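Please consult the sequence and the structure shown below while reading.

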Amino acid sequence: MITLSHYLFLSMILFALGVTGLMVRRNAIILLMSVELMLNAANLAVVAFARFRPAPASADNGMVLVFMVMAVAAAEVAIGLAILLNLYRQRRTVNADELNVLKG
Amino acid sequence: MNNFAVPILGIQGIMPELLLSLAAVLILLLEMTAGDREGHGALSLSVAGLILAFIATFGADGKQVFSSLLVNDNLSALLDRVFLMAAFLVTLVSRPYLANYGLAKGEFFVLLLLATVGMMVMGAAMDFITMFLGLEMLSLSLYVLAGFFKKDVLSGEAAFKYFILGAFATGFLVFGMAFVFGALGTTNFAAMAHTLSAGSPPFPSVPTLLFGLALILAGLGFKISLVPFHTWVPDVYTGAPTPVTALIATGSKAAGFAALVRIFMITFPGSFQFWGAAFWWLALLTMIVGNLFALVQVEIKRMFAYSSVANGGYLAMAFLSHSDVGIKALLFYLFAYTFMTVGVFGVVSLAGRRERLLISEYAGLSRENPFLAAVMSLFLLSLAGMPGTAGFFGKFYLFAGAVRSGYLGLALVGILTTILSFYYYLRVIVYMYMRESEMPREALELAGSGRTALVLAAAGVLILGCFPNLIWISIEQVF
């Protein structure tokens with residue numbers, strides 16, 4: 001029997017993977033993918049919560065949140081890739097470690 | 001079929017947002033058809049849109065619109081005015097600044113307007129869905145604006161860092177929203193407060209709710225740059241075009257605080273025992289770290305970046321006086337902070353033909369351009385909290401609120417760090433008035449709109465400083 005805690009556990013793992021990816025990976029494309037992982041972990045948690053909510057409460061607006069997050073994530077990637085492309089044209093690299101003109 | 005009733009939309013409830021979006025679309029069309037190369041049309045359209053939207057904010061009726069997704073109350077109207085004023089001043093400064101770099105294009109103003117719409121949606125959001133959409137509309141526009149100088153290496157790097165850390169913060173925010181939603185079964189703030197006050201326990205347990213709230217605080221903490229979530233600030237503020245920095249420092253920060261007020265102070269005041277301590281530590285660390293780091297900077301934009309972090313700490317103090325007093329003090333300081341911060345970044349935009357000047361390069365500015373030096377001194381004194389300027393009353397209300405709620409220690413730290421901040425603010429004035437410039441610096445000739453913006457910001461600082469009641473009357477009407 002798969003329960004809410006299974007889904008939440010999976011969602012936590014995905015989120016942790018995303019955070020770890022952002023911290024340790026240096027390729028900017030992988031950073032973008034890690035961000036997606038974090039957002040999708042959140043989506044999974046929302047859907048699981050909505051599915052396992054005890055009746056009578058209806059939790060439909062959570063589903064709307066999920067769709068909004070998906071749509072915005074797509075827009076975010078589009079902008080992220082544009083920024084990345086511009087960066088690549090300037091420097092010929094997408095390695096986050098080499099972006100150190102500003103002191104940090 | 002009665003659950004398929006036509007919803008009452010309430011277009012009049014989003015009039016300011018609609019007017020700004022309309023102006024943005026018109027600028028895009030103008031850019032495409034008329035070939036507005038100099039950006040004159042874009043400037044006048046933005047100004048017209050911002051003024052009309054400002055007038056429209058006076059139509060607030062306290063109603064919830066779009067199935068309670070947005071609320072049109074006095075708080076959102078007042079916040080809208082903060083955002084619109086910031087955007088208005090930034091727009092006026094941008095024109096001469098961009099013209100200097102040959103980049104006065106319509107899309108800059110379009111993005112600026114859309115970012116403002118995002119802020120306004122965030123300020124009026126009564127639901128996680130709209131809050132998230134507003135935040136992303138704001139952030140996505142700002143990412144592009146930060147990288148607007150496509151040929152400039154630093155601008156590109158700033159955009160990239162801002163984007164990655166902003167997206168990281170959004171991840172935390174959405175994950176937190178998921179858990180708060182899970183605990184209470186709704187994304188609507190009013191429904192959440194209702195569920196809690198009705199006594200039904202969070203599902204499956206209280207820690208679910210608190211975990212969600214903590215993640216939301218971390219996510220929004222990034223946006224308003226509370227220490228330890230401030231690491232992106234100096235780089236992004238330095239690398240981004242200066243008028244964009246002004247907008248990030250004022251409008252975007254005010255929008256983040258608006259979201260925090262809606263969630264923590266209005267929806268979950270009952271959980272203060274859990275989140276109060278978090279705000280205490282965040283405010284303390286932010287005030288100390290921001291001011292100490294500002295002390296040692298040599299680059300002027302970096303110094304103001306840390307000064308802006310420090311101001312976030314003062315603002316965070318308002319959350320500890322968990323009552324109307326805190327929100328009112330916060331609103332007043334947001335007005336004051338907007339005027340003086342747009343002011344200093346406005347002067348930085350127009351003081352040199354080159355980006356990223358050092359503080360020592362401001363030597364002799366009073367001789368070359370007495371007007372710029374005079375308004376800069378006024379903004380700096382206001383940031384330092386000199387009586388007679390807006391900053392004094394802003395800090396006074398915040399500190400008084402903290403003392404009244406029994407946080408004397410925190411207020412003392414606030415006062416001590418303010419005294420510390422005198423050093424780095426006054427240092428700029430000393431350079432401008434008492435040192436001779438070593439090499440001639442090419443100053444921008446002050447075009448009309450840039451001068452207007454600085455005069456307006458200076459007037460705002462003085463009026464709020466001498467007659468705080470003028471704005472306090474409308475703040476009193478919030479509750």
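Does α2(B) pass α4(B) in a left-handed or a right-handed crossing, and which is it? The crossing is right-handed. The model discussed here is predicted.

**Packing of α2(B) with α4(B)**

- Helix α2 of chain B spans residues 40-56 and helix α4 of chain B spans residues 106-124; their axes lie 9 Å apart at an angle of about 15°.
- Because angles under 35 degrees count as roughly parallel, α2(B) and α4(B) are described as roughly parallel to each other.
- On the α2(B) side the contact is formed by A42(B), L43(B), S46(B) and L50(B), and on the α4(B) side by G106(B), F109(B) and L113(B).
- Sorted by class, this contact of α2(B) with α4(B) comprises five nonpolar and two polar residues, with no charged residues.

**Packing of α2(B) with α3(B)**

- Helix α3 of chain B, residues 74-100, packs with α2(B) at an angle of about 165°, and the two axes are 10 Å apart.
- Since angles over 145 degrees count as roughly antiparallel, α2(B) and α3(B) are roughly antiparallel to each other.
- α2(B) and α3(B) cross in a left-handed manner.
- From α2(B), the residues H40(B), L43(B), S46(B), V47(B), L50(B), I51(B), A53(B) and F54(B) take part; from α3(B), their counterparts are R81(B), L84(B), M85(B), A87(B), F88(B), T91(B), L92(B) and R95(B).
- The contact of α2(B) with α3(B) contains 11 nonpolar, three polar and two charged residues.

**Nonpolar core**

- The largest nonpolar core has 220 residues, of which I263(B), F304(B) and M376(B) touch the most other members.
- Apart from neighbours within four places in sequence, M376(B) contacts I300(B), F304(B), V344(B), V347(B), V348(B), Y362(B), V428(B) and M432(B).

- V71(B) belongs to strand β2 of chain B, which covers residues 70-71.
- The relative accessible area of V71(B) is 7%, so this residue is buried, the cut-off being under 20%.
- Excluding residues up to four places away in sequence, V71(B) touches G62(B), K63(B), Q64(B), S76(B), A124(B), M126(B) and R262(B).
- D61(B) is 10 residues from V71(B) along the chain, and their C-alpha atoms are separated by 9.1 Å.

Key
Residues are numbered from 1 along each chain as its sequence is written. Chains are lettered from A and ligands numbered from 1 in the order in which they are written. This is a predicted model: local features need pLDDT of at least 70, side-chain atom pairs count only at pLDDT 80 or more; totals for chains, interfaces and linings use all residues. Side-chain values use heavy atoms; hydrogens and water are left out. Axes are lines fitted to C-alpha atoms, for helices over the stretch in contact, and angles run from 0 to 180 degrees between N-to-C directions. Helices (H or I, at least four residues) and strands (E, at least two) are DSSP runs, numbered from the N terminus. Angles under 35 degrees count as roughly parallel, over 145 as roughly antiparallel, 65 to 115 as roughly perpendicular and the rest as oblique. A crossing is left-handed if the near helix is turned anticlockwise from the far one by less than a right angle, and right-handed if clockwise. Contact means heavy atoms within 4.5 Å. Ala, Val, Leu, Ile, Met, Phe, Trp, Tyr, Cys and Pro count as nonpolar, Asp, Glu, Lys and Arg as charged, and the others, Gly among them, as polar. A nonpolar core is a set of buried Ala, Val, Leu, Ile, Met, Phe, Trp, Tyr and Cys residues joined through side-chain atoms within 4.5 Å. Buried means under 20% relative accessible area, exposed over 50%, partly exposed in between (1.4 Å probe, protein chains only).
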